[in-house]
Amino acid sequence: MTQNIFNVLTQRFGADTILYYEQTSFDPYIIINPEDIQSICMYLRYNPELKLSFFLNLSGVDYPDREQITLVYHIYSMALKTTCVLKTSVSREFPELESIESVWKAAGWFEREIYDLLGVSFINHSNLKRILLPEDWKGHPLRKDYREEPVYHDMETTRNNLLETNR
Amino acid sequence: MERSGNADLKHLKPQIAPFREEMILNMGPQHPSTHGVLNFLIVTDGEVIHQALPNVGYLHRGFEKLAEQTPYTTFIPYTDRIDYLAAMFGNHAYVLAVEKLAEIEVPGRAEFLRVIVCELNRIASHLISTGALALDIGATTPFVHWIRERECINDIMEAICGARLTYNYMRIGGVSRDINESIADQILKFLDHFEPMIDEYNRLISFNEIFIKRLANVAVISQIDAVNFGLVGPNLRGSGIEMDIRKIMPYSVYDRFDFDVPFGEGFKGTLGDSYDRYFVRILEIKESCSIVRQALSKLPKGNIKAKVKRKLKIKENECYSSVESARGEMGMYLVSDGTDKPYRLKIKTGSFTAMSIVEKVSQRLMVADLIAFIGSLDVVAPEIDR
Amino acid sequence: MKENSITFDKGLVISTMDDVINWMRKSSIWYLLFGTACCAIELMQTGGPRTDLDRIGSVFRSTPRQADLIIVAGTVTYKMAERISLLYHQMAEPKYVLSMGSCANCGGLFQRSYSVLKGIDKVIPVDVYVPGCPPRPEALMEGFLEIQKIMMEENFLKTKGIQR
C-alpha cells in the first residue's frame, strides 16, 4: 500500500525530492526533502485516488548524534484505508520548516507543540507561540541536552528526600 | 417530528455590533465546570462571543520526557494518568505498542479480559461525561444518579484489580490478575440492573424539551470541518462520519464481536450539533453492554500472561499503534533504541484536536452556548496537556 | 466538647463559649471546589451518595470568598501555582488547607518531571496531608475529621485569627 504511494510520488516529484522508502520495519515510511513538504502534502491530500485526508499525528524526535531533528507525519487515507508515514529531517542548529497548516488545520496545534518542546520553528504558521509551558519558560525540554533551572518565579524546583536528610 | 431550537427566534439572531465596546473575559482555570483546568480568553461585547481563545498547559506533567527515563515494564502506572476517566485505554495503547515492537504474543484469555475491562471503563467514562454535560447546563439530578451507577462499576474494578480509579491492570504480555465465577456473576448482575436504567435516564433528561432546546442546533460542526481539524471518536461520529478504530484497524480480538457503531443523524436538529454528539455517547453505552455480555460468554480458559523477561530490551525499531478510547483515538508512537528504556514516546489523544476546533466554531455563539459546546466535546485537561 | 460541658434533662447544656463556637464552626465546613487531576474525581465521588460529605455539613462553593477550606486535589504545575496562591489569598480568615493525594503532598509520581511543583506547601501553608494515589473516599473523610479536631482545639476568643 505504501509502495503504491511511493511510486505515485516518485513519478510526480522525482527522485531528488522523494529520497528513500524503508520497508523492513513494522510501519514502512517514506523520507522526503524538507523543502518541498508543503507541495507534497497538498498533492497527497487532493489526489482523488489517494485521498489522504485524515491527519493522525505529528511527532518530533531529537537525534543529537546525527545533529538532526526528525519530524514524523502519520496520515490516514480514507480511500485506500491505510496509514501513510512520512519523515523529514531538519538540522539542530537552524531548525526551520514550512508549516502544513494550510493543508490540514489539525496540524496547527501539533506544530505549536513541537515549537514549544523541541524548538523547531514553522514558516507561515498563523499563531506560533508556546502552548503547553508558560510563556516565559527558557529552553526546550524534549531535547536530549535540556537542563532544568533551579528556581522558577521564586519557587524551588527540587524537594529534599526526607529519608536522606534524616539519616 | 417538530424541529426544536432557535428557529422561531430569527429576529434575535446574534449580530456583531460594530459600535459596541469589546471586553476580554477570563474563564478559568478555576471554574465550576468539571472538565479540569481549562482557561478561555473570551472576547465579547457582553453576550455574543467574537473570539474564544483556549489557553492550555495548566496540567502539563511531562509524560513524554518521563517515558525516556523509565523502563518499559515500569511505565504502565503513568499511562493510567493520561486520561484518568478511561485509564484502561491508556494501559492498552501502551502495551499494544510495546508488544508489537517486541513481537510478544498475548494469550487468548488475556485478550478477552482486556476487552471486558476496557468496555466497562468506556461505560464509566461516558456516564461521567453525559452527567457532567447535564450538570453544566443546570440539571443537577442526572449527575447524582450516574455517580451512583458508577460506584457499582468501581466496585467491580476493585474486585478485579484492586483500585478504583487508576488501575495499573495490564502488563506487557497479558494482564495481572484473573477473574473467577463470583466476579463474572457480579458483572452480569450489574448489567441486568443497569440496562433498564438507560431508558429511565432517557425519559428523565435526554428527551426533555428544555434539554433539547439547549443543545439542538448549537455549535454545528460540518463534516468537512470535522475531518480537516482531525476530530476523532464520538465528536467525529456525531457529524456523521463512520470512523471507529475497532472496525477499520481492528486490534486485539474486536473482530470477533458483533456490534454496531452509532453515528449522528441529526436526531433532534441539524447533523453535527451538540445533541448529536451527546446522543451518540448514550447509544455507545448500550453497545458496550452487549460487547461485555458476548465477551463473558466466549471467555476461553488458559494463561493470563505470556512469559516476558524482567528487563525487557527491544532492538532499534519504531511503530505506531492506536486504540479507540472513550474520547476518540489514543495513539502511541514508540521509538526504541536497543536499551530497556524507550528513545521517544509520543502520545496522541482525542481531546487535543477537539480543543483546536473551539476557536473556529465558537464565533457568534452566546456565552451560555459555549459552556454547552465544551461539555458536548467532552475534553479532559490531562489528555490535552499530557 | 463533652469534657467541659454539663448536660441536664430536657435539652439544657452548660459549656464554655470556646467549645460552643468551635462546635458551630466545625459542623459547617464549606470547601472550595478546586481539583486539577485524578484526585478531583475521587473528591466528587466522596460527595456522592455512598460516602456523603453533606452529612458533616460540607457543601462545595465555587468562589473562594465563600469558602473556608481549600482542598488542593491533584498535580500542581508551575503555571497553576501562581493562580492557587491568588485563590488562597482571597479566602477570608479563618481558613484551612488540605492537601489531597501524593502529587499535592510532594510531587508524587511526577517527582522527576520538569514542570511539576514538588508539593503545594512550597506556596501555601498546609494543615492536613492526606496520602494516597488517589486516596479512597474514606481516607478523605478521615482528613476532614482531622480538620475538625484542629478546629476544636482553637482558642477563638482570646486570639484574633488562627494560631498556627
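Two strands count as paired here if DSSP finds at least two bridges between them. Keep that in mind as we walk through this model, which is a predicted one.

Let's start in chain A.

Now zoom out to the whole sheet. It is an open sheet of 5 strands in the order S1-S2-S5-S4-S3 (chain A), and the pairing is mixed. From one strand to the next, the twist averages 20°.

Chain B has an open sheet too, built from 3 strands in the order S1-S2-S3 with antiparallel pairing. Its edge strands are S1 (23–27) and S3 (49–55) of chain B, each pairing on one side only. Neighbouring strands are turned by 20° against each other on average, direction ignored. Strand S2 (residues 39–44) of chain B is joined to S3(B) by 6 bridges, and B:Leu41 stands opposite B:Leu53 in S3(B).

Next, how do chains A and B meet? In all, 26 residues of chain B are in contact with 23 residues of chain A. On the chain B side, the elements that supply at least two residues each include helix H1 (63–67), helix H8 (223–228) and strand S7 (328–336). S6(B) gives the most, with 4 residues. By type, the chain B side divides into 9 nonpolar, 9 polar and 8 charged residues.

Finally, take a look at chain C and its helix H5 (residues 137–152). H5(C) has 16 residues and reaches 23 Å from its first C-alpha to its last, close to the 22 Å expected at 1.5 Å a residue. Which residues of this helix are buried? They are C:Pro137, C:Leu140, C:Gly143, C:Phe144, C:Ile147 and C:Met151. These cover an arc of only 115° around the axis, which puts them on the same side of H5(C). On the other side, C:Glu138, C:Leu145 and C:Lys149 are exposed. As for what covers the buried residues, the list includes helix H1 (17–26), helix H2 (38–46) and strand S5 (69–73) of chain C.

Notes. Residues are numbered from 1 along each chain as its sequence is written. Chains are lettered from A and ligands numbered from 1 in the order in which they are written. This is a predicted model: local features need pLDDT of at least 70, side-chain atom pairs count only at pLDDT 80 or more; totals for chains, interfaces and linings use all residues. Axes are lines fitted to C-alpha atoms, for helices over the stretch in contact, and angles run from 0 to 180 degrees between N-to-C directions. Two residues are in contact if their C-beta atoms, placed from the backbone, lie within 7 Å. Ala, Val, Leu, Ile, Met, Phe, Trp, Tyr, Cys and Pro count as nonpolar, Asp, Glu, Lys and Arg as charged, and the others, Gly among them, as polar. The expected span of a helix is 1.5 Å times one less than its number of residues. A residue is buried if 20 or more other C-beta atoms lie within 10 Å of its own, exposed if 12 or fewer, and partly exposed in between; C-beta atoms are placed from the backbone. The arc is that of the directions from the helix axis to the C-beta atoms.
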